[in-house]
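Good morning, and thank you for coming. I would like to take the group through one model, going from domains to chains and then to ligands.

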Amino acid sequence: MKYIEKLHEIVGKNRVSTSSPELYCYSCDASQIKGMPDYVVRPDSTEQVSKIVQFANKHKIPVTSRGAGTGLAGGAVPISGGIVLDLSSMNRILDVDIENLQVAVEPGVVHAKLNEKLKYHGFFFPPDPGSSAMCTIGGLIANNGSGMRSVKYGTSSRYALDLEVVMADGTVINTGSKTLKTVAGYNLTGLMVGSEGTLGIITKAVLKVAPLPKARTVILASFENPELAGEGVVKTLSSGIVPSACEILDKTAIEALNAFDPNLNLPDVGAILMFEVDGTGGAVEEGAKLIESSCSSLATNVKSASTKQESEELWRARRLVGAAISRLDPNRTRVYVGEDVGVPIKEIPKMLKKVREISEEFNIPIMTYGHIGDGNLHTGMAIDVLDDSQWDSLNKAGDKIHRTAIELGGTVSAEHGIGGARSKYMELELGPALDVMLNIKNALDPNNILNPGKLGV
Amino acid sequence: MTESEDKSDSYLRSILKCVRCGTCRSVCPVFDELGWESSGARGRMLIAHALSQGMDVDSDVLNSLNTCTTCGLCEQNCPSGAKPPDVIEDTRRQLVLKNKMTDKQAELRENVTKYGNPLAETSDRYSWLGQESADIKSHAEYVFFVGCLESYRYPEVAKTTFDILKKFDVTLLPNEHCCGSPLIRTGFEADDVTEENVEQIRKIGAHTVITGCAGCYTTFKNDYPDEFNVKHVSEFLADHIDELDLNPLDITVTYHDPCHIGRKHGIYEAPRKVIKAICNLKEMNSIRESARCCGGGGGVLSGYPELSHSIAETRMAEVPEGVDYVVTSCPMCRRNLSRGNKNIPVIDLVELVALAIK
Ligand SMILES: Cc1cc2nc3c(=O)[nH]c(=O)nc-3n(C[C@H](O)[C@H](O)[C@H](O)COP(=O)(O)OP(=O)(O)OC[C@H]3O[C@@H](n4cnc5c(N)ncnc54)[C@H](O)[C@@H]3O)c2cc1C
Ligand code: SF4
Ligand code: SF4
């Protein structure tokens, strides 16, 4: 039987495509990694996923899982061809079990849709990526994604209680338990979270949820330059406050936000720190005051957002600032390279200074923004994509940013993932731990069919 | 750089403005129904790029490009400032120049060329006018441009509109042709029909063209010479609301914003002002800039009626409880929304006004 016939038999004809324009649409995500699949399959159930993987394993066909393809590291790009499994139509919210503080979802559920549903119950799923409106829970877990509120609420791994996973031979396992804690066996849930589809395919997730805070407030602190803002972060966090968000925006990021939504009217300064504190009314007020006093000696101005609507608009715009720098110049487009380094908090000012030097060295404007409260710095470069020399500078600058982060004891990716874009840095960052990863990969996927070429394995 | 190189560079740049972030997945009504990447704005941008790099044109390429309703939701939400509907129309145009088109597109062109309307109607456009053809004046300040759908599918709306408008200095074109929208949206040149209309408007000496169709409106605004003002009927009614002698009605309606006057040209307040002068307005779930599309535009209703139908169903599911009518101000939206749910009557704003005048 031909491969295509077998795929038709498993999922039905209208869930498989081999048409060239369709394949082309699945040959990339939001990164610069490219690779053409041979088949795109959109399964509808765990059983179908399991059968596809079993079949692919038998014939050694690569299988790359894909959620919404919003990844910034090429994780969902089939660089060795084969099958792309588009899991975004497995998008049912299976159970909202508030009494047990959890929900059960299929992997294709869109992040924002889940939180819309949970809001009714006064709860939320805290990891808060900028791509909330479009990314899937499966992709988020597979990348161990997080976002603006991770400084207080942590990353996806903190919320995954149990995952249903289709392993490379088609076996379906559950990695955890419905309980909020378990120590039974190796932490397979932890292993799967962040494995980028290289060890198994997540077909269901049981996630812990948190109550929505009673109050939230946004505090904006203006600084003359990003380095001073970086010092502001170190000072604020070390004074014992745990804000629910702590974001940095440099001058360019501020301009991009004002271009995206002119109503925001952000001040024209060298850098802004956007803090959020949440909790009960009293705690929020106190937190806001503490932040104000710890920033006051470094900042030129500190103020709180006056209304809830103003805060919400600020966050909405902030979520998409990365892409919004494309708006500043009609001839430039944002390119995601070297965009997600993380450094220890104390090294933030140094990293910011290095980024400025790299920008000067390669003569390429670099915007900085990001979840600075956990040391996660996003760097944004926008180039004329028709100019080869600008591509060259961009790639060199990206490479240097990655290496600098590692030198400072940091990481090449704090949340977006390694995928195909950052595989080459794994040995440098992980050392002998990479061999352990390779052993795990070999043990669980001996034929190397699951998302080959990613994550350094 | 030659002019054509410059043009092709700017076309390529308009495609490459897309950073593939996928935000449009969350809003594209077609993607929402079909779920394949090629059915969303990001996919269409990728396909436009592949074509510019020499990819062959096959029926899947045409289906991807032609299933876009040009609703503009993607553009509205695109953080990067890309304009997928423009890119898609440009790409359709380039394919048509190479004679690559679907049978439906060819049929549409044939109909407009042969009959002066996309519906292949051979009867008189103004048959609704009856005895009142004497009301057509040779000179006037305003021209009421009726449009094909109103002329042939909703003659009673055409008549009611003209009855209201003719109290002002409004006339009709003696020999109205299709405005060209169906041709332009699907990639064809429409200079022949637009020129016929423009000539007549010039002769009449009108400073303003009034139309009740969102498709005609956007076409007059964007694709006609910048010689006269364009007003949507809802705007004209809102401007003259005190002169209409409206009796309030004890009913509740909801309003569907047509993409091509709403998102495209910001006409949100005028229809609402007219409605609120008559009855209660209970808004739909998504309105104004974020209003979901009816599914009929961009040639989708004629080319892909089933897809268009399911988009209309999704839109009609947003109609709030307890409304007597869904009101809209475009015959295309009205037509398609009526297909989306047969239990809730969909009417034109002008018909609501007529109820309040009686
Ligand atoms: C504008 C923008 C802002 C962003 N902001 C953030 C941010 O703040 N924080 C953040 O963490 N990320 C952010 N991202 C990156 C990206 O959106 C996230 O990593 C997101 O979680 C990916 O989800 P997805 O559904 O698009 O996954 P995809 O890109 O489709 O896939 C990502 C990875 O997960 C794997 N995968 C997908 N589904 C499964 C599954 N069911 N089982 C196993 N493996 C699977 C894929 O193989 C791939 O390796 C942003 C991206 C954009 C474009
Ligand atoms: S929202 Fe804009 S930049 Fe993002 S994928 Fe869609 S068209 Fe491209
Ligand atoms: S214009 Fe509307 S239908 Fe077309 S791609 Fe954009 S969102 Fe989709």
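Chain B is divided by the domain assignment into domain 1, covering 3–101, domain 2, covering 127–239, and domain 3, covering 245–357. Please keep in mind that this is a predicted model.

Let me begin with domains 2 and 3 of chain B. Their centres, taken over C-alpha atoms, are separated by 21 Å. At the boundary, 24 residues of domain 2 of chain B are in contact with 25 residues of domain 3 of chain B. Together the two domains bury about 2,100 Å², and carbon and sulfur atoms give 75% of that area.

Polar contact is present, however, with three residue pairs between domain 2 of chain B and domain 3 of chain B, both residues of each pair at pLDDT 80 or more. On the domain 2 side, the elements giving two or more residues are α8 (148–152), α9 (155–165), α12 (214–223) and α13 (233–239) of chain B. By class, that side of domain 2 of chain B holds 10 nonpolar, eight polar and six charged residues.

I turn now to the interface between the chains. Here 44 residues of chain A are in contact with 31 residues of chain B. The buried area between chain A and chain B is about 2,900 Å², with 58% from carbon and sulfur atoms. Which three residues supply more than any other three to the area that chain A buries against chain B? They are P21(A), Y24(A) and L386(A), which supply 21% of it.

As for charge pairing, there are two salt bridges between chain A and chain B.

On the chain A side, β1 (16–17), α2 (20–25), α12 (321–324) and β16 (333–335) of chain A each supply at least two residues. Of the elements on the side of chain A that touches chain B, α2(A) gives the most, with five residues. The residues of that side of chain A divide into 19 nonpolar, 13 polar and 12 charged.

Next, the ligands. Ligand 1 is surrounded by 35 residues, of which the closest are S65(A), G67(A), T70(A), S131(A) and T136(A). Why is the site of ligand 1 described as shared between chains? It is shared because the residues that surround ligand 1 come from chains A and B.

Several atom pairs can be named at ligand 1. A backbone N or O atom of S65(A) is 2.7 Å from an oxygen atom of the ligand. For G130(A), a backbone N or O atom lies 2.9 Å from an oxygen atom of ligand 1. N451(A) takes part through its side chain, where an N or O atom is 3.3 Å from an oxygen atom of ligand 1.

Finally, ligand 3. The residues around ligand 3 include C28(B), C68(B), C71(B) and C74(B), together with R44(B). Two elements of chain B give two or more residues to this shell, α2 (29–34) and α3 (41–52). The shell around ligand 3 divides into eight nonpolar residues, three polar and one charged.

Thank you; I welcome your questions.

Methods. Residues are numbered from 1 along each chain as its sequence is written. Chains are lettered from A and ligands numbered from 1 in the order in which they are written. This is a predicted model: local features need pLDDT of at least 70, side-chain atom pairs count only at pLDDT 80 or more; totals for chains, interfaces and linings use all residues. Side-chain values use heavy atoms; hydrogens and water are left out. Domain bounds come from an automatic or database domain assignment. Contact means heavy atoms within 4.5 Å. Buried area is the accessible area (1.4 Å probe) that two parts lose on being put together, summed over both. A polar contact is a pair of N or O atoms within 3.5 Å; within protein, one must be able to donate a hydrogen and the other to accept it, and residues adjacent in sequence count only if both atoms are side-chain atoms. Helices (H or I, at least four residues) and strands (E, at least two) are DSSP runs, numbered from the N terminus. Ala, Val, Leu, Ile, Met, Phe, Trp, Tyr, Cys and Pro count as nonpolar, Asp, Glu, Lys and Arg as charged, and the others, Gly among them, as polar. A residue is near a molecule or strand if one of its heavy atoms lies within 4 Å of it. A salt bridge is a side-chain nitrogen of Lys or Arg within 4 Å of a carboxyl oxygen of Asp or Glu.
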